[in-house]
Amino acid sequence: MTNKILRAIFDQMADIMEILGEDRFRINSYRKVARIIGDIPTDVENLLAEGRLAKMPGIGKSSLAKIEEFVKTGEIAVHRELLGKIPPGLPELLTIGGVGPKGVKAVYDQLNVTSIAELKAAIETGAVAGLAGFGDKKAAAIARGIAFLEKSTGRIRIDQAFEAAEIVRGFLRDVCGMLRIRTAGSLRRWAETIGDVDILVGGVGGEAAGGIIQAFTNAGFVRDVLASGPTKGSAIIDTGTIGVHVDVRAVPEESFGAAAQYFTGSKEHNVRLREIAVKAKLKLNEYGLFKGKEMIAGVVEEEIYHKLGLDYVDPLLREDSGEVRAARENCLPELIQLGDIRGDLHLHTIASDGDCDIPELVEAARALGYEYICITDHSKSSAIANGLSARRLAQQIRQIRKLNETVKGMTIFTGCEVDILANGKMDFEDELLAELDFVIASAHSGMASPREKVTTRTLKAMDNPYVTCIGHPTGRLIGQREAMDLDMEAVIEHAAQTHTALEVNANPWRLDLKDTHGRMAIEAGVKLVIGTDAHSSDGLGLMGFGVATAGRGWATKTDVLNTLSAAKVKSWINIKRTG
DNA sequence: GCCGTTTTCGGCCCGACTGTTTTCAGTCG
């Protein structure tokens with residue numbers, strides 16, 4: 001929790017300093033610290049105690065002192081002083097599209113605007129349009145920015161972003177014919193949430209590019225055009241359920257790789273690359289890698305990395321979290337691929353809250369080329385999900401054993417997603433659990449309990465010899481429910497000690513473990529299980545989200561249990577049971 | 001504020017689009 005608060009504080013200090021017009025490089029440092037603290041999966045208190053925080057690049061003496069101060073006293077004096085310099089509502093104005101620090105300062109200094117509501121009123125009276133450097137169009141743009149903000153839910157889930165991208169890609173395919181179209185940005189990196197969707201069209205220059213951009217901004221699904229130039233268009237599109245910000249960019253063929261690299265980001269990854277380019281007396285931009293005026297790379301991404309002395313970096317890893325150094329030292333991981341997955345170990349049927357019966361799931365798994373599945377319906381305490389009683393579970397076990405005798409080319413494991421009760425005990429007796437091949441232990445209640453309680457409960461669940469895996473360990477629902485306040489270091493350490501796997505739940509609402517926690521688990525030698533938690537046969541198709549999330553955590557094939565054969569999965573499980 | 005196989009001081013990534021301007025600042029990614 002401290003990490004999140006510190007990130008917000010450093011970001012807020014940067015916001016305030018921007019409005020006050022302070023040195024932009026200094027502001028950048030604060031932003032960088034905010035991002036680093038926000039991204040690290042380990043609690044900042046622990047890093048501080050172990051002296052590891054001081055060694056992290058980007059965190060210098062001054063920031064370290066501020067963080068120490070916060071851990072000791074619960075606040076940072078400089079932060080308090082900054083807060084005293086401006087009205088509290090001012091930083092919020094920065095969240096309006098088209099309004100930056102200079103704009104905030106102008107409306108505050110000259111119109112005494114201190115909140116979004118007041119800014120809205122000032123636009124309506126025409127006061128904003130009358131300011132020097134403003135005008136009718138700018139005022140209207142800000143009004144649109146406010147309207148979007150009021151409707152918007154902020155960042156969207158990755159599945160929603162894919163849906164929006166597909167709408168635009170389909171349209172562009174019709175308009176552009178054979179030209180290359182590629183999704184870039186955070187969507188190509190499979191980030192857990194997406195701010196806007198970036199789409200590249202390759203092989204066009206000049207007027208043709210402008211025509212494509214125009215076609216896009218005039219398309220029927222466009223709700224609001226934010227910008228439309230000769231090479232770039234930006235619009236809010238209507239997916240039928242939500243509004244999504246989509247950018248389309250047209251680039252010439254010789255720059256397609258450079259543009260893909262550039263627009264895939266992350267911004268921080270790109271900054272690192274450009275720094276390397278500068279040191280090598282080269283220049284990197286979205287048109288290519290240049291030595292003086294000569295373009296030395298740009299058609300394909302790989303070439304750019306190689307000319308910078310780096311191995312090609314998979315988009316999943318481009319987060320400036322050590323991948324650039326690994327690329328230089330030829331030690332990037334060989335990431336797990338969807339094709340490495342040999343079975344789905346987290347599936348629900350109509351016996352609890354799913355839509356399908358077991359044979360239907362078998363067929364869905366067969367279509368994906370799987371060798372095995374595991375049926376994991378809910379246990380009795382999950383009453384809302386029609387959790388199975390001990391008797392019904394025993395019945396299902398018999399049913400599956402019988403099915404296994406007739407079903408060809410597919411192993412059906414018996415399993416259960418058993419509730420972890422508030423006291424850390426399992427929802428079924430050990431005698432019954434012992435009958436199952438695979439036990440997922442999941443918390444479905446009491447998730448808002450304090451850190452100590454949720455952590456102890458999870459650790460205790462892992463002590464059970466029949467628990468193979470902790471399901472969706474933090475319980476978060478993206479954009480809807482906060483993660484449990486788990487001590488993730490303790491959980492991972494205990495998982496390693498007890499030979500318990502941790503799930504990377506592939507449902508795009510969950511993606512839990514998240515990327516950074518997955519990476520931590522892998523580094524501790526903990527096995528991951530990527531499960532879809534499917535409640536229908538379509539649900540098995542969500543596996544890609546889980547594989548990408550694991551990949552973002554630097555997972556290789558060997559880090560993931562369900563890349564093994566059914567026999568090897570079975571023997572891995574038995575290691576814990578036989579002590 | 002951070003950092004150093006050019007540097008402990010003096011740099012710090014790069015370009016598109018918009019709107020308000022007579023040549024460019026602000027914002028964004």
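The structure is a predicted model, in which local features need pLDDT of at least 70, side-chain atom pairs count only at pLDDT 80 or more, and totals for chains, interfaces and linings use all residues. Residues are numbered from 1 along each chain as its sequence is written, while chains are lettered from A and ligands numbered from 1 in the order in which they are written.

Chain A is divided into four parts: domain 1 (2-151), domain 2 (156-251), domain 3 (256-328) and domain 4 (338-577). These bounds come from an automatic or database domain assignment. The centres of domain 1 and domain 4, taken over C-alpha atoms, are separated by 40 Å. Five residues from domain 1 and five residues from domain 4 make up the contact. Two residues are in contact if their C-beta atoms, placed from the backbone, lie within 7 Å. On the side of domain 1 that touches domain 4, one residue is nonpolar, two are polar and two are charged. In this scheme Ala, Val, Leu, Ile, Met, Phe, Trp, Tyr, Cys and Pro count as nonpolar, Asp, Glu, Lys and Arg as charged, and the others, Gly among them, as polar.

DNA strand B is surrounded by 40 residues. A residue is near the strand if its C-beta atom, placed from the backbone, lies within 6 Å of it. The closest are Gly60, Gly100, Gly103, Gly135 and Gly229. By class, the surface near DNA strand B has 12 nonpolar, 15 polar and 13 charged residues. Several elements each supply at least two residues of this surface. Among them are helix 2 (24-39), helix 4 (61-73), helix 7 (101-111) and helix 9 (136-151). Strand 5 (222-228) and strand 8 (283-285) are also included. Helices (H or I, at least four residues) and strands (E, at least two) are DSSP runs, numbered from the N terminus. Helix 14 gives the most to the surface near DNA strand B, with five residues.

Helix 14 covers residues 267-279, and Lys279 lies in it. Lys279 is exposed, because 9 other C-beta atoms lie within 10 Å. The cut-offs are 20 or more such atoms for buried and 12 or fewer for exposed, with partly exposed in between; C-beta atoms are placed from the backbone. Lys279 and Leu308 are 29 residues apart along the chain, and their C-alpha atoms are separated by 9.9 Å.

Five strands form an open sheet with mixed pairing, in the order 2-4-7-6-5. Strand 2 (180-184) and strand 5 stand at the edges with a single partner strand each, so one side of each has no neighbour in the sheet. Neighbouring strands are turned by 25° against each other on average, direction ignored. The axes are lines fitted to C-alpha atoms, for helices over the stretch in contact, and angles run from 0 to 180 degrees between N-to-C directions. Two strands pair if DSSP finds at least two bridges between them.

Strand 2 and strand 4 run antiparallel and are joined by five bridges. In strand 4, Leu200 is the bridge partner of Arg182. Strand 4 (residues 197-202) runs parallel to strand 7, with six bridges between them. Here Leu200 has Arg249 of strand 7 as its bridge partner. On strand 6 (residues 232-238), the pairing with strand 7 is antiparallel, over seven bridges. Arg249 in strand 7 is also the bridge partner of Lys232. Strand 6 and strand 7 form a hairpin with four residues between them. Gly240 in the turn has a positive phi of about 105°. Strand 7 (residues 243-251) is largely enclosed by the rest of the structure, because eight of its nine residues are buried.

Some backbone sites stand apart. Most residues other than glycine have a negative phi, and most peptide bonds are trans. A cis peptide bond joins Gly265 and Ser266, with omega about -5°. Ser266 lies in the loop between helix 13 (256-264) and helix 14. The bond from Asp512 to Leu513 is also cis, with omega near 10°. Leu513 is in the loop between strand 16 (501-505) and helix 22 (515-523).

Asn112 is not a glycine, yet its phi is positive, about 60°. Its loop runs between helix 7 and helix 8 (116-124). Asn112 is exposed, with 10 other C-beta atoms within 10 Å. Asp533 has a positive phi near 60°. Asp533 is found in the loop between strand 17 (528-531) and helix 23 (543-552). Asp533 counts as buried, with 25 C-beta neighbours inside 10 Å.
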